[in-house]
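Today I opened a new model and kept notes on what I looked up. I wanted its nonpolar cores and its salt bridges.

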Amino acid sequence: MPSRNFVLAALITCLMLAALSIVIAPASAGESDNDGESARHDREMEADMNIQLGPRPFFLVEDMEPGKLKSRLQRCGNGPFRKTDFSIGHRGAALQFPEHTKESYEAAARMGAGIVECDVTFTGDKILVCRHSQCDLHTTTNILNTPLAEKCSGPFTPAQFDASGNLVREASARCCTSDLTADEFKSLKGKMDSFNPAARSVPEYLAGIPGWRTGLYAGPTSGTLLTHKESIQLFTDLGVKMMPELKSTGMAMPYDSDGDGVGDYTQQDYAQQMIDEYKAADVNPRNVYVQSFDIRDIRYWIANEPRFGKQAVYLDDANAVADLPQAAQLAAYKAEGINIVAPPLFALLATDGSGNIVPSRYAGQAKSAGLDMITWTLERSGILADGDNGFYYQTFDSAIAREGDVMKVLDVLAKDIGIIGIFSDWPATVSYYANCMNLR
């Protein structure tokens with residue numbers, strides 16, 4: 001007769017095997033609706049355990065002036081760090097990686113960005129691809145160094161100088177995604193967005209990277225370009241949410257895609273095609289934040305794809321405070337079903353009489369209108385301590401004195417204004433702050 005201990009051990013073994021069979025058993029047909037969300041949850045859990053912030057956010061915290069905010073951020077240094085939807089990868093991680101490339105997107109996800117952006121344009125054969133502009137291939141890829149340069153709608157033209165050596169006409173080129181087929185587009189390599197206006201040759205033109213960026217990750221085996229469909233699959237694999245921006249075409253619409261002289265591809269076709277690719281991939285609309293600077297696109301999605309339109313992001317292209325909408329217009333946005341607005345950074349911030357960063361009038365009006373806010377773009381202005389930080393800082397530059405002041409900016413945006421996310425060229429900075437402040 002077996003001993004009591006043997007029987008107990010056998011029983012435990014049986015229970016363990018039964019539990020294991022439940023874990024590894026394939027889902028029944030009735031469970032298939034939950035498979036996608038379950039798989040996504042598994043990917044998110046894995047991504048959460050692989051966040052790698054690197055040294056930059058720690059450098060920024062140490063560079064801050066002493067105070068309560070610095071002390072709190074310092075206490076978070078040991079983590080743990082998780083991905084957060086507050087951190088949005090702007091074109092991926094464009095501070096160091098060529099924008100809208102596979103490598104840039106992967107870097108953003110590793111740095112804790114819970115949402116990653118693919119700007120959407122189309123090729124000559126109407127395939128959607130990830131590119132910031134319909135016509136930026138001459139500054140963001142190696143096209144001018146390839147035979148495909150012959151297909152550019154504007155060939156490279158060297159700079160011209162007068163007899164005294166003064167620049168009288170900048171070097172130029174114009175290469176568009178619509179100049180190419182999708183296969184041709186995919187054969188290119190991404191590079192850091194830059195050009196030399198004084199270039200006399202193509203190699204000189206393709207140079208000109210700002211000193212605070214790098215071309216280190218734009219070699220012949222990297223800079224992988226993606227179609228929009230490929231970005232959906234990559235983002236799904238990375239366990240991140242998606243923020244596609246339907247870009248202005250820079251050309252007359254409807255587009256004549258078959259060359260017969262008649263426009264056959266309308267703006268509505270373009271807007272719908274982008275949505276259709278998420279639907280075909282069975283992506284939950286809650287995980288997609290469609291965006292556009294063109295309010296007609298936002299209205300189209302609200303009317304025709306309400307599950308996506310519910311969290312469509314209306315981007316504001318204001319160049320100065322005078323260009324921003326006033327309270328009545330913001331209330332009108334909300335009344336027609338727009339729930340999220342995304343103005344540039346300067347629109348939300350100002351300074352008080354003591355030189356502190358404070359919420360702007362616009363920020364208060366948008367909040368009063370019931371609008372959620374996202375803003376752009378952090379880590380895109382180079383060295384801050386030298387002053388004159390340009391477009392993004394125009395309303396509060398006087399309050400910026402050091403690199404660590406980035407964290408002060410984030411603190412006002414998050415705590416005093418209550419934005420729901422921020423685009424960054426280096427998402428680790430935002431991820432660090434968001435984790436420390438328990439923002440998800």
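**Entry 1: cores.** I noted that this is a predicted model. I then asked which residues have the most contacts inside the largest nonpolar core. They are Leu73 and Trp301, in a core of 103 residues. Helix H16, residues 405–417, gives the most to this core, with eight residues. I also looked for a core apart from this one and found another of 18 residues, including Cys152, Leu188, Ala199 and Leu206. As background I wrote down that nonpolar side chains tend to be buried together in soluble globular proteins.

**Entry 2: Trp301.** I listed what Trp301 touches, leaving out residues up to four places away in sequence. Among its contacts are Leu246, Ala271, Met274, Ile275, Val290 and Ala312. The list also includes Gln291, Ser292, Pro306 and Gly309.

**Entry 3: salt bridges.** I searched the whole structure and got 16 salt bridges.

**Entry 4: Glu379 and Arg56.** Their side chains meet in a salt bridge, at 2.8 Å from N to O. Why does this pair tie together parts that are apart in sequence? Glu379 lies in the loop between strand E14 (372–378) and H16, whereas Arg56 lies in helix H3 (residues 56–62), so the parts joined are 323 residues apart in sequence. Glu379 has a relative accessible area of 8%, so Glu379 is buried. Arg56 is at 23% relative accessibility and therefore counts as partly exposed.

**Entry 5: Lys241 and Asp85.** This salt bridge has its closest N and O atoms 2.7 Å apart. Lys241 is in strand E8 (residues 241–246) and Asp85 is in strand E1 (residues 84–89), so the pair ties together parts 156 residues apart in sequence. I recorded Lys241 as buried because its relative accessible area is 17%.

**Entry 6: Arg380 and Asp425.** Here the side chains meet in a salt bridge at 2.6 Å, N to O. Arg380 sits in the loop between E14 and H16, and Asp425 in the loop between strand E15 (421–424) and helix H17 (428–436); the two residues are 45 residues apart. Arg380 counts as buried at 16% relative accessibility. Asp425 also counts as buried, at 0%. I then asked which residues are linked with this pair in a network of salt bridges. Arg213 is linked with Arg380 and Asp425 in such a network.

Note on methods: Residues are numbered from 1 along each chain as its sequence is written. This is a predicted model: local features need pLDDT of at least 70, side-chain atom pairs count only at pLDDT 80 or more; totals for chains, interfaces and linings use all residues. Side-chain values use heavy atoms; hydrogens and water are left out. A nonpolar core is a set of buried Ala, Val, Leu, Ile, Met, Phe, Trp, Tyr and Cys residues joined through side-chain atoms within 4.5 Å. Buried means under 20% relative accessible area, exposed over 50%, partly exposed in between (1.4 Å probe, protein chains only). Helices (H or I, at least four residues) and strands (E, at least two) are DSSP runs, numbered from the N terminus. Contact means heavy atoms within 4.5 Å. A salt bridge is a side-chain nitrogen of Lys or Arg within 4 Å of a carboxyl oxygen of Asp or Glu.
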